[in-house]
Amino acid sequence: LNPDDVTRGFCAPDEVSIGDYILGGGEVASIVIIDAVARLVPGVLGDEESNRQDSFSGEPPRGSRLKKLWVSTEDFRWQMEYLLRRGYSPVLPSELAAALDGKGRVPDKPVLVTFDDGYANNHEDAYPILKELGVKATIFLVYETVGIHNSWHDPATEAWVRMLTWEQVLEMQASGLVEFGSHTMRHRHLPSVSPEEVRWEL
């Protein structure tokens, strides 16, 4: 994956990372890690009409400061098909961990597809594409916002967006295509809180 290929909705090139991992037996594998999508065609929540939109195709809500993190469903499908066309093999963290422990092997050109925060659109828009294409992915949840909204944002400046429910999490986990990890408890700005609070968040 070279910088010229990071197009059509991929996050900025500096958000695509390649790391070398030494696997069991001394084998070295390069793992491409793509934070594929932050938000996909979400329904937006909020009390202020000026900060409401019920559905849109990859366009951030008015006034969003995070415009580069929005990706349309169409572009997300293109991204996943691109990886498969180029011979990349989506893997799960558990598979990578097993290989690092010498208990398994990763395929050629492994790639980790990850989602931060756990927005509801990960299930509603991305998951059907993942299932159709057989792409494995990992979602890092903000634990205390599951089933609610992205409460770490001020809705006056960044729209509240629905988060995954536990039912959606369990459905995706049961599929074997999606694993889950922690993206902290409340998504607070860790440098600004005490070490004790950081420990709790993590």
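Which residues are linked in a network of salt bridges? In this predicted model, Arg77, Glu81 and Glu132 form that network, and the close-up views below place it in the setting of the whole chain.

**View 1. Overall architecture of the protein chain.** The secondary structure consists of five helices and eight strands, which follow one another along the sequence in the order β-β-β-α-β-α-β-α-β-β-α-β-α. Of the 202 residues in the protein chain, 44% are buried, and among contacts with a separation of 6 or more, 59% are made by residues 24 or more positions apart. The protein chain exposes about 10,300 Å², of which carbon and sulfur atoms supply 51%.

**View 2. Helix α1 and the residue that follows it.** The buried residues of α1 are Asp75, Phe76, Trp78, Gln79, Met80, Tyr82 and Leu83. Just after α1, glycine 87 adopts a positive phi of about 85°.

View 3. Glutamate 81 pairs with arginine 77 in a salt bridge whose closest N and O atoms are 3.9 Å apart. The two residues are four positions apart in helix α1, and therefore about one helical turn separates them. An α-helix has 3.6 residues a turn, so residues three or four places apart point the same way. Both partners are partly exposed, glutamate 81 having a relative accessibility of 28% and arginine 77 a relative accessible area of 27%.

View 4. Glutamate 132 counts as exposed, at 54% relative accessibility.

View 5. Glutamate 95 forms a salt bridge with lysine 136, their closest N and O atoms being 2.6 Å apart. Because glutamate 95 lies in helix α2 (residues 93-100) and lysine 136 in the loop between α3 and β6 (137-141), the pair ties together parts 41 residues apart in sequence. Glutamate 95 is partly exposed, with a relative accessible area of 27%, and lysine 136 is likewise partly exposed, at 23%. A search of the whole structure finds four salt bridges, including the one shown here between glutamate 95 and lysine 136.

Technical notes:
Residues are numbered from 1 along each chain as its sequence is written. This is a predicted model: local features need pLDDT of at least 70, side-chain atom pairs count only at pLDDT 80 or more; totals for chains, interfaces and linings use all residues. Side-chain values use heavy atoms; hydrogens and water are left out. Buried means under 20% relative accessible area, exposed over 50%, partly exposed in between (1.4 Å probe, protein chains only). Contact means heavy atoms within 4.5 Å. Accessible areas come from the Shrake-Rupley method with a 1.4 Å probe; for residues, only the protein chains shown count as cover. A salt bridge is a side-chain nitrogen of Lys or Arg within 4 Å of a carboxyl oxygen of Asp or Glu.
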